[in-house]
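I opened the coordinates and kept notes as I went. The entries below are in the order I looked things up.

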Number of protein chains: 2
Amino acid sequence: MERTKKITIQDVAKYANVSVGTIDRVIHNRGKVSPEKKQKVEDAIKKLNFNPNLLARTLALGNQFLICTLSPLAPSPKHYWSMPKKGIDQAAAMYKDFGIVVESYFYNLFDESSFVEQTNKILELNPNGVILAPLFLQESTLFVDKLEKQNIPYVLIDADIPDHESLAYIGPDVKRSAYIAGKLLNSVIKENSDILILNMVKGFENASALNRIEKGFREYFTENRLKNKIRIHTLTINSTDKETVFRELTKFYIKNPLIKGVFVTNSKAYLISDFHLLHELDIRVVGYDLVEENIEHLNKGGIDYIISQSPLQQGVRAVQMLFELFIYKNEPKKVQHIPLDIIIRENVDFYIQFH
Amino acid sequence: MERTKKITIQDVAKYANVSVGTIDRVIHNRGKVSPEKKQKVEDAIKKLNFNPNLLARTLALGNQFLICTLSPLAPSPKHYWSMPKKGIDQAAAMYKDFGIVVESYFYNLFDESSFVEQTNKILELNPNGVILAPLFLQESTLFVDKLEKQNIPYVLIDADIPDHESLAYIGPDVKRSAYIAGKLLNSVIKENSDILILNMVKGFENASALNRIEKGFREYFTENRLKNKIRIHTLTINSTDKETVFRELTKFYIKNPLIKGVFVTNSKAYLISDFHLLHELDIRVVGYDLVEENIEHLNKGGIDYIISQSPLQQGVRAVQMLFELFIYKNEPKKVQHIPLDIIIRENVDFYIQFH
DNA sequence: ATTAATTATGTGTGCGGGCACACTTTTTTT
DNA sequence: AAAAAAAGTGTGCCCGCACACATAATTAAT
């Protein structure tokens with residue numbers, strides 16, 4: 001049963017009294033067509049509301065698009081960095097028949113040289129597009145410089161590189177996320193408490209992001225005139241190793257017994273929750289990212305809020321951006337801040353399902 | 001430059017030493033293939049990891065799928081019900097070249113007969129699939145009974161119809177959403193306050209949903225032993241008209257001056273916020289849905305939390321479900337609860353952009 | 001004016017698969 | 001054992017579009 005006849009190039013040709021070849025020339029601006037016919041064709045296209053069939057076009061063109069992705073290697077499927085990868089794979093499967101081929105490369109989070117190594121592999125391949133999680137700012141800058149020189153469009157996820165010509169940045173508004181963390185943490189502690197901004201860094205250079213986080217977090221308290229009621233401490237531990245963290249925390253908590261809330265600036269809030277549970281401390285925790293351990297501690301009550309930056313969505317969208325560029329020639333918006341989902345025990349299930 | 005050669009039916013044919021016709025018969029289980037050759041073909045398919053090209057298949061089949069949608073008419077683009085529509089249109093555009101055609105029908109939110117009228121139109125068209133927002137429970141039940149009789153798959157959005165064979169329900173977990181509302185409202189009021197569950201209903205029958213909402217909301221307070229600290233009132237106003245609502249609210253607040261928080265069970269929290277601002281009342285508000293007026297009042301501070309059930313996403317996903325059914329023959333999960341996004345002033349911008 | 005060089009236009013093939021049909025081989029029927 | 005039916009296999013055309021190539025109509029060059 002035919003319901004809506006689709007308009008094809010043939011229909012337009014018949015209507016305009018020319019051959020399909022001419023239609024083709026007009027559509028693709030190949031020239032070699034007389035002004036009168038060109039006009040006629042354009043009219044016909046408008047009149048019939050013709051839109052080229054994307055499937056047929058893709059099939060006929062038969063070209064392939066190679067997308068290389070470069071992100072940290074996830075030590076386990078539960079790890080944060082397995083999530084963008086999952087999103088990327090999902091989107092890749094969706095678009096594979098459009099000729100989109102995705103090849104994933106990974107670097108060691110604690111080894112800049114592995115990053116450089118992978119970038120060289122990618123540059124050699126001369127892909128049509130790149131998706132990059134630029135955790136090593138300096139090395140990443142060098143990499144994207146080269147990409148720009150080779151005219152390879154790239155999409156940044158998770159973190160941005162300022163002043164560069166990326167196709168798009170898809171990730172959180174870092175400062176805002178910390179501001180929200182401030183609001184959330186404040187909502188679960190009593191007045192006149194001390195709170196702690198807890199950084200755990202191991203190796204790589206993300207000082208600028210940490211700065212923006214701290215700034216955003218403190219901003220909430222200054223803007224809402226809570227500065228004299230709430231005292232904010234900062235503790236930076238140069239490790240994510242459980243033992244070291246526990247040791248440093250013990251030291252700190254003994255010196256600062258009034259701490260009633262902690263804002264953990266990476267995805268390892270569960271470590272701190274663990275510490276609190278172990279030592280029966282009633283301290284509220286706000287952290288980032290829905291990794292499995294955080295979900296556990298959210299359910300146990302050791303973590304109060306998790307701010308999620310939908311890493312899976314970031315992966316999906318990054319691929320979509322390049323797909324649209326290749327297939328539709330659409331240039332996306334440069335900066336696309338991902339929603340900062342506020343996760344509590346009561347809605348965590350929904351996010352597990354979808355993100 | 002060929003990077004990864006795609007495996008076609010021809011490749012498989014060559015590898016298995018048969019013609020493409022035979023491959024085709026094996027793939028589609030059309031029979032008329034000798035067991036030996038069938039085996040050979042299956043081996044070849046596995047060995048070469050052959051996946052039929054979806055674009056070519058769709059093009060060759062050339063069939064059309066009509067999806068009819070039936071949802072309340074949105075009086076303005078700002079209205080809640082324009083958002084699922086937007087999502088549906090977005091997805092429809094994406095899949096149009098796959099032969100997916102979407103026709104939208106609307107009914108008057110306050111007129112059951114308009115609903116029935118539209119259902120009849122749809123039934124006559126005998127579409128391949130239906131997307132339904134079943135706000136009139138009784139009439140909707142009759143409608144889906146007929147759909148089931150005509151073997152037309154349907155997806156429900158926004159509200160579910162129990163005990164029916166829908167392809168899927170895509171919408172919120174209503175009870176849970178109210179539980180969350182309880183938690184959120186509780187987090188912004190002082191101890192020993194009175195709070196109000198405010199229903200505004202005009203005409204149609206959604207009593208069951210309202211019951212579940214009230215139950216979920218109260219559950220939070222009982223489960224967390226807040227019953228003696230917080231007194232929960234319920235007020236149901238049979239109108240959404242500003243004047244009436246204001247009048248009823250005035251009456252109620254005069255009688256119950258201790259109210260410090262309101263949970264508005266529909267998308268019109270902005271009305272109540274308006275009332276509070278006008279009368280300089282310091283009463284916290286939690287409500288549903290990111291309609292434009294709510295966003296305004298979120299920013300003004302008159303609304304503290306909005307729980308959003310991503311209506312645009314609901315529309316998108318509903319179309320996707322049918323697309324997958326038609327094109328991939330995938331049956332989706334029956335119940336798909338949409339994430340209940342928690343919106344505050346600080347993250348509202350992100351949701352406006354994406355949802 | 002005649003040929004060469006352009007420019008304008010039409011035709012045909014292939015992308016990867018689906019399906020109708022033709023043809024061959026085997027099995028069943030009488 | 002011959003005819004009819006069924007099973008097994010291959011070929012060709014079509015889906016809608018892009019692009020190479022062939023052909024026709026102009027224009028420029030000699």
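**Conventions.** I am working on a predicted model, where local features need pLDDT of at least 70, side-chain atom pairs count only at pLDDT 80 or more, and totals for chains, interfaces and linings use all residues. Residues are numbered from 1 along each chain as its sequence is written, chains are lettered from A and ligands numbered from 1 in the order in which they are written, and side-chain values use heavy atoms, with hydrogens and water left out.

**DNA strand D.** I looked up the residues near this strand (a heavy atom within 4 Å of it). I found 25 residues around DNA strand D, with A:Ile9, A:Arg30, A:Arg57, B:Ser19 and B:Arg25 the closest. Of the atoms of DNA strand D within 4 Å of the protein, 71% are sugar and phosphate.

Next I checked polar contacts (pairs of N or O atoms within 3.5 Å; within protein, one must be able to donate a hydrogen and the other to accept it, and residues adjacent in sequence count only if both atoms are side-chain atoms). A:Arg30 places a polar side-chain atom 2.5 Å from a phosphate oxygen of DNA strand D. For A:Arg57, a side-chain N or O atom is 2.4 Å from a phosphate oxygen of DNA strand D. B:Arg25 goes to a base instead: a polar side-chain atom is 2.5 Å from a base oxygen of DNA strand D.

I then listed elements (DSSP runs numbered from the N terminus: helices are H or I with at least four residues, strands are E with at least two). Helix 4 (54-61) of chain A, helix 2 (20-27) of chain B and helix 4 (54-61) of chain B give two or more residues each to the surface near DNA strand D.

By class, I get eleven nonpolar, eight polar and six charged residues near DNA strand D. Here Ala, Val, Leu, Ile, Met, Phe, Trp, Tyr, Cys and Pro are nonpolar, Asp, Glu, Lys and Arg are charged, and the others, Gly among them, are polar.

**DNA strand C.** I found 26 residues around DNA strand C, the closest being A:Arg25, A:Ser34, B:Ile9, B:Arg30 and B:Arg57. Sugar or phosphate makes up 71% of the atoms of DNA strand C within 4 Å of the protein, and bases the rest. A side-chain N or O atom of A:Arg25 is 2.6 Å from a base oxygen of DNA strand C. A:Ser34 uses a backbone N or O atom, 2.7 Å from a phosphate oxygen of DNA strand C. B:Ala56 also uses a backbone N or O atom, 3.2 Å from a base nitrogen of DNA strand C. The classes are twelve nonpolar, eight polar and six charged near DNA strand C.

**Domains.** I read the bounds from an automatic or database domain assignment. Chain A has domain 1 (9-60), domain 2 (63-172 + 311-337) and domain 3 (174-308). The C-alpha centres of domain 1 and domain 3 of chain A are 61 Å apart.
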